[in-house]
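Let's take a look at how two protein chains can meet. Have the 3D view open while you read.

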4 protein chains.
Amino acid sequence: MEVIVRVGGAGVCGTDNNIQSGLANPTPKLPYTLGHENAGWIEEAGAVAASAGMKKGDPVILHPLISCGLCKACRTGNDMHCISSKFPGINTDGGYAQFIKTSVRSVIRLAPGTDPVPLAPYADAGITSYHALKRVASQLNPGSTAVVIGIGGLGHLAIQMLKALTPAFVVGIARSNAKVEFAKQLGADAAFPAGKDGGVKDVLDFTNGVGADAVLDFVADKGTPDNGVKMIKKGGTYCIIGEGGIVSDPTIDMIVRELNIIGSFVGTYNELSELMELNRMGKIKIVSKVYPMSDVVQVMKDLKEGRVLGRSVLDPWK
Amino acid sequence: MEVIVRVGGAGVCGTDNNIQSGLANPTPKLPYTLGHENAGWIEEAGAVAASAGMKKGDPVILHPLISCGLCKACRTGNDMHCISSKFPGINTDGGYAQFIKTSVRSVIRLAPGTDPVPLAPYADAGITSYHALKRVASQLNPGSTAVVIGIGGLGHLAIQMLKALTPAFVVGIARSNAKVEFAKQLGADAAFPAGKDGGVKDVLDFTNGVGADAVLDFVADKGTPDNGVKMIKKGGTYCIIGEGGIVSDPTIDMIVRELNIIGSFVGTYNELSELMELNRMGKIKIVSKVYPMSDVVQVMKDLKEGRVLGRSVLDPWK
Amino acid sequence: MEVIVRVGGAGVCGTDNNIQSGLANPTPKLPYTLGHENAGWIEEAGAVAASAGMKKGDPVILHPLISCGLCKACRTGNDMHCISSKFPGINTDGGYAQFIKTSVRSVIRLAPGTDPVPLAPYADAGITSYHALKRVASQLNPGSTAVVIGIGGLGHLAIQMLKALTPAFVVGIARSNAKVEFAKQLGADAAFPAGKDGGVKDVLDFTNGVGADAVLDFVADKGTPDNGVKMIKKGGTYCIIGEGGIVSDPTIDMIVRELNIIGSFVGTYNELSELMELNRMGKIKIVSKVYPMSDVVQVMKDLKEGRVLGRSVLDPWK
Amino acid sequence: MEVIVRVGGAGVCGTDNNIQSGLANPTPKLPYTLGHENAGWIEEAGAVAASAGMKKGDPVILHPLISCGLCKACRTGNDMHCISSKFPGINTDGGYAQFIKTSVRSVIRLAPGTDPVPLAPYADAGITSYHALKRVASQLNPGSTAVVIGIGGLGHLAIQMLKALTPAFVVGIARSNAKVEFAKQLGADAAFPAGKDGGVKDVLDFTNGVGADAVLDFVADKGTPDNGVKMIKKGGTYCIIGEGGIVSDPTIDMIVRELNIIGSFVGTYNELSELMELNRMGKIKIVSKVYPMSDVVQVMKDLKEGRVLGRSVLDPWK
């Protein structure tokens, strides 16, 4: 089932900064290679991969987990909940390297001639946004409103997906003015600075006091959960994708407003396939910039300090 | 659309004690009549009700809200979210009285000859349990486990419904030994005293460490939300029906376990109709005891002090 | 509940020609007024309507059925299956008239200042397309293909809705070259003349031999069902909206391909509301041309002979 | 991925008779071994199976298809639509033999000590009934009616499953009086002989003229589709599991009644797992009788001539 992939690009994610800062739990054993958003070209295809038609040079993107294919989760398509998975760049060596060993189960071939390098962030930022969108999409009808909190690597894709796949009005909320503007450029119907109340008043005003049908919170830290829950309408859904904070709500409010608070984790292999189709159709466009691996320290620092629009990608061959 | 109903029985709910204690928000204006679980016989049917075939003497049970039928919520069947509803016994006069005025939209006729009196608690305790069950039922497959926290007026019905309508193993959790035993008599596959950890260890043991697919929390107070969230498996649902406490969880846990925390509120008219069919088929049996209205003080006290198995019903004609 | 509406426009539907030709079953009793796609302005609002804020001059579009609001179908939102409905223009007098009497339950108010006249066809052609789309939308993911058979009053809207609300590739099939071109102008990714095989080969070629995920057949006559069923992929859905023919398939094919053959009928009040929101957002645009009522004979003839692009609307005041 | 299974029992299915009669399409090349319903014990576990904990002597039941685990169908759990599957006993050698070679992906381990022999029919008759049930279950609420046409190897399980997993009234229809009685013994609320009209009048009478919410047709031949479609209520579903006939309906009827006609094919690995759990819980009980392999000719003849109640199983070691 094994496949060796020549890494073309490895996306740089906030999680990488957390791991480096020692915030990961458990802490990985050193030496250890970061990188869980990987794309490139097949270098060597094992027997199963070869019989599936994979061959050296095929451009590919990798599902972030290596899943077993046999457990119940895998057999319902929920690869990310595989009970015996490995997660390269998280709990085993990842893609900040020239080659990575993965499984045929993680490989998605791209159309011949595709440049995989700038697409690497779809492998995690993209799939994670898309999976969250899928969890709330059935609630988004014409006239609905969806809010995206955090317009970074994930949020900038979520705005585009919401516009491409649902009829909802899309509202972006970000800390910096640059990202508020970025949200609008990406197609948001409105975008507001988080300000003091995290955008609650702006969202309520935008929805005539009713609240949003769905809130996708890509921050989920520093008070955004408190504000996110306040923005939802009766029967609406607050979907958590970020991490760091705590979500809480009085049970009386949960029942009277019949709220849904849900977590969303990575996504399935099939979802990543669909996402690459959306990209190929031009319905979404990743905003990514490629740097040589030697810039890794600066690139990670830029991310931590909020200076990245979209996503940065490291090219280990430069 | 009006219908006058001769009240045969009015169920006594914990909410009635809360209102009496001044905990309702907003506090109702006095004088005020409690009673939001009502059944009886049609006394007088207005023109619309008469043309729908309703007539004096028909045994009936009442959907707890009086809904408009015209707002978006009503027109999707979610009567309980009607934007211009009245809730007799909550925000207008209720059924601790010999007659109650309601709307044809709230009336469900029972099979001819049915004694409506002991069935009154289905009108709120029943529908609220059933609606919660409907919200989680799609997750309950053979081999799944559902937990019911709180074996009172609602929980004792939830256990029966779960056994009748799903293939899940059902686990009851209660404070008192009497209610632990009651849960078993009602068909629970296992029942545990809440103990120090609210039953978390017992549920994890029962599920081989995996956790429950769904937890229905009819208490949602005094720490049960903390424990309820701990009992759920990856991708599972913690459903809140009780009130009083606060639910909270770190966002990292919400995403890694892909949890769903949802509130459930009353239920729809169609759900109450289905419930009466379940009762008629003998698939569920309400445990209720009827008292004369003159016993109201004692009955409400017994409920507050946890001495009621199932539900008490007041008969305003005795 | 009554409302008198001054008819601004009444859409002309193929069903009108069928009724006039005596094909309706049962045949309406003469004298009788056609017209089941109506929009205009409120002329007089009854008490319930007035208390809901409706007043003379409000631009409105009418749900095609007058539903009771009390039966099980109405109470789940399926107004079109109301067991005691009237269907003006089908089984009672319709909108080829200066005024029409309807119920508050059928009235959807448009944004102030909206010209309702050209929008009339949304009342039936629009809602019927939208309801069919809703029935298949969950199967349409990135990379899916949806086929629209018949690019007339309904099909020309279906193409736009599919493009606006789903990521599917959309293929149109029509008899005339003019309508094949029309389909492309409306946004279809491809459009083919029905030809000898009803477009089966073209659809299979377009989908690399796999077949379409969903086929919406707005003709459902003259052999289109046979061809429609052949175009579907394993697990796909053939949705019937037109009428006149017979659908049939060997049961062995139904099971091996796990096909779904479904009928779709009109749509709900809430769906018409959503549709008007889609129109307001500019996501779909009806192609309609308004004629004075005196042109009715010619307009109906043009429709019968396939010379109408989009929909014709009669203005009873001209 | 390979596993050698010592066959304990192989169920005898009507399809076996069809293959023997030369009705299969394509006809299998001789020599060829029948048997697509197999259970037994692991004889030898390959490396992957061994690492998953499988070992010689484990009692097992086999998913009827050998699926790849890599195609889109497999990765959404729909193993039976695997694009590169083998189907032992259908298109490759099956289980009328002492040993069968299969894949770890097809093996479901039973509880230690379970006798797999009489359970063999769950592998196809069981899973196929269960999958069909899953396709219609969401439509079956208290007060609903489900009809089972054909009370044979599949139908006798469908009746039990419907009673165990849904609140619907269950009606059985069979040709012979013995099977009508069998249906009642299995828990059907009513059972009728097919008679001249295939039971249409009886079902309409049972449902007060409304029709059934779902019809599961395990015959789907000799006119049952015509009758099955007539029995359904508005919005109901006619589900085809048998084969041989043709289903057909005028498109006008499909739309006005908004019917759903669907095919159902085998089932997923996870569904077979759930089914074995249902069996273990005692919620369903297969009626099967075990014969030595030397009786194969008589057993297949008995089936063809309608003399089998439940299912016959061949033991290749006797």
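## Where the two chains meet

The copies meet through the same surface, because 100% of the interface residues of chain A are also interface residues in chain B. Keep in mind that this is a predicted model.

How do the two copies sit relative to each other?

| Item (chain A and chain B) | Value |
|---|---|
| Residues in contact | 31 residues of chain A, 31 residues of chain B |
| Area buried | about 2,500 Å² |
| Residue pairs in polar contact | 19 residue pairs |
| Salt bridges | zero |

Carbon and sulfur atoms give 55% of that buried area. Thr251(A), Ile255(A) and Glu258(A) supply 27% of what chain A buries against chain B, more than any other three residues. Which elements of chain A give two or more residues to this side? They are α4 (125-136), β10 (232-240), β11 (246-250), α9 (251-256) and β12 (260-263). By type, the residues on the side of chain A that touches chain B split into 16 nonpolar, 10 polar and five charged.

Now zoom in on β12(A). Three bridges join β12(A) to β12 (residues 260-263) of chain B, and the two strands run antiparallel. Within this pairing, Ile261(A) stands opposite Ile261(B).

Key. Residues are numbered from 1 along each chain as its sequence is written. Chains are lettered from A and ligands numbered from 1 in the order in which they are written. This is a predicted model: local features need pLDDT of at least 70, side-chain atom pairs count only at pLDDT 80 or more; totals for chains, interfaces and linings use all residues. Side-chain values use heavy atoms; hydrogens and water are left out. Contact means heavy atoms within 4.5 Å. Buried area is the accessible area (1.4 Å probe) that two parts lose on being put together, summed over both. A salt bridge is a side-chain nitrogen of Lys or Arg within 4 Å of a carboxyl oxygen of Asp or Glu. A polar contact is a pair of N or O atoms within 3.5 Å; within protein, one must be able to donate a hydrogen and the other to accept it, and residues adjacent in sequence count only if both atoms are side-chain atoms. Helices (H or I, at least four residues) and strands (E, at least two) are DSSP runs, numbered from the N terminus. Ala, Val, Leu, Ile, Met, Phe, Trp, Tyr, Cys and Pro count as nonpolar, Asp, Glu, Lys and Arg as charged, and the others, Gly among them, as polar. Two strands pair if DSSP finds at least two bridges between them.
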